Amino acid sequence: MAMIRVDPIELIGVASTLRSCAVEASIIGSTLTSDACCAMPPDLDGVVTNALALARRLLDSTAHHLVSIAGDLSNRAAVA
């Protein structure tokens, strides 16, 4: 069986990058919502609102997942 060794410092760096990506995903969601706040026809407003809500949920879910992975990597680095 082969052993793969990963430097704990590299894991910490990757975890930090993932946390930064999570923050960026949240910022994108907020920006999308604020950029789409303008007057539009009612039939289009509903479509845009639903699309923005879906995009925001997906971005929030992605951010939470990235933070979770980052935490796992940080824990692995602490043990190594």
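Val-48 has its place in helix H2. The model described here is predicted.

**Val-48**

- With a relative accessibility of 22%, Val-48 counts as partly exposed, because buried means under 20% and exposed means over 50%.
- When residues up to four places away in sequence are not counted, Val-48 touches Ala-36 and Met-40.
- Val-48 and Glu-10 are 38 residues apart along the chain, and their C-alpha atoms are separated by 41 Å.

**Packing of the two helices**

- Two packed helices are in general described by two quantities, namely the angle between their axes and the distance between the axes.
- Helix H1 covers residues 8-35 and helix H2 covers residues 42-79; the two pack at an angle of about 165 degrees, and their axes lie 8 Å apart.
- H1 is therefore roughly antiparallel to H2, since angles over 145 degrees count as roughly antiparallel.
- The crossing in which H1 passes H2 is left-handed.
- Sorted by class, the residues in the contact of H1 with H2 comprise 21 nonpolar, six polar and four charged ones.

**The largest nonpolar core**

- Eleven residues make up the largest nonpolar core: Leu-11, Ala-15, Leu-18, Ala-22, Ala-25, Leu-59, Ala-63, Leu-66, Ala-70, Leu-73 and Ala-77.
- At least two residues of this core come from each of H1 and H2.
- H2 gives the most to the core, supplying six residues.
- Ala-25, one of the core residues, is in contact with Leu-59 and Ala-63 when its neighbours within four places in sequence are left aside.

**Leu-59, a residue of the core**

- Leu-59 belongs to the largest nonpolar core and has its place in helix H2.
- Is Leu-59 buried or exposed? Leu-59 is buried, because its relative accessible area is 19% and the cut-off for buried is under 20%.
- Apart from neighbours within four places in sequence, Leu-59 is in contact with Ala-25, Ile-28, Gly-29 and Leu-32.
- The C-alpha atoms of Leu-59 and Ile-27 are separated by 9.2 Å, and these residues are 32 residues apart along the chain.

- Ser-20 is placed in helix H1, and at 46% relative accessibility Ser-20 counts as partly exposed.
- From C-alpha to C-alpha, Ser-20 and Val-67 are 9.0 Å apart in space, while in sequence they are 47 residues apart.
- Thr-62 is placed in helix H2, and Thr-62 counts as partly exposed at 40% relative accessibility.
- Thr-62 and Ile-9 are 53 residues apart in sequence and, from C-alpha to C-alpha, 24 Å apart in space.

Terms used:
Residues numbered from 1 in each chain as written. Predicted model: local features only at pLDDT ≥ 70, side-chain atom pairs only at ≥ 80, totals over all residues. Heavy atoms only, no water. Axes fitted to C-alpha atoms, helices over the stretch in contact; angles between N-to-C directions. Helix = DSSP H or I, 4+ residues; strand = E, 2+ residues; numbered from the N terminus. Parallel < 35°, antiparallel > 145°, perpendicular 65-115°, else oblique. Left-handed = near helix turned anticlockwise from the far one by under 90°. Nonpolar A, V, L, I, M, F, W, Y, C, P; charged D, E, K, R; others polar. Core = buried A, V, L, I, M, F, W, Y, C linked by side-chain atoms within 4.5 Å. Buried < 20%, exposed > 50% of the residue type's maximum accessible area, 1.4 Å probe, protein only. Contact = heavy atoms within 4.5 Å.
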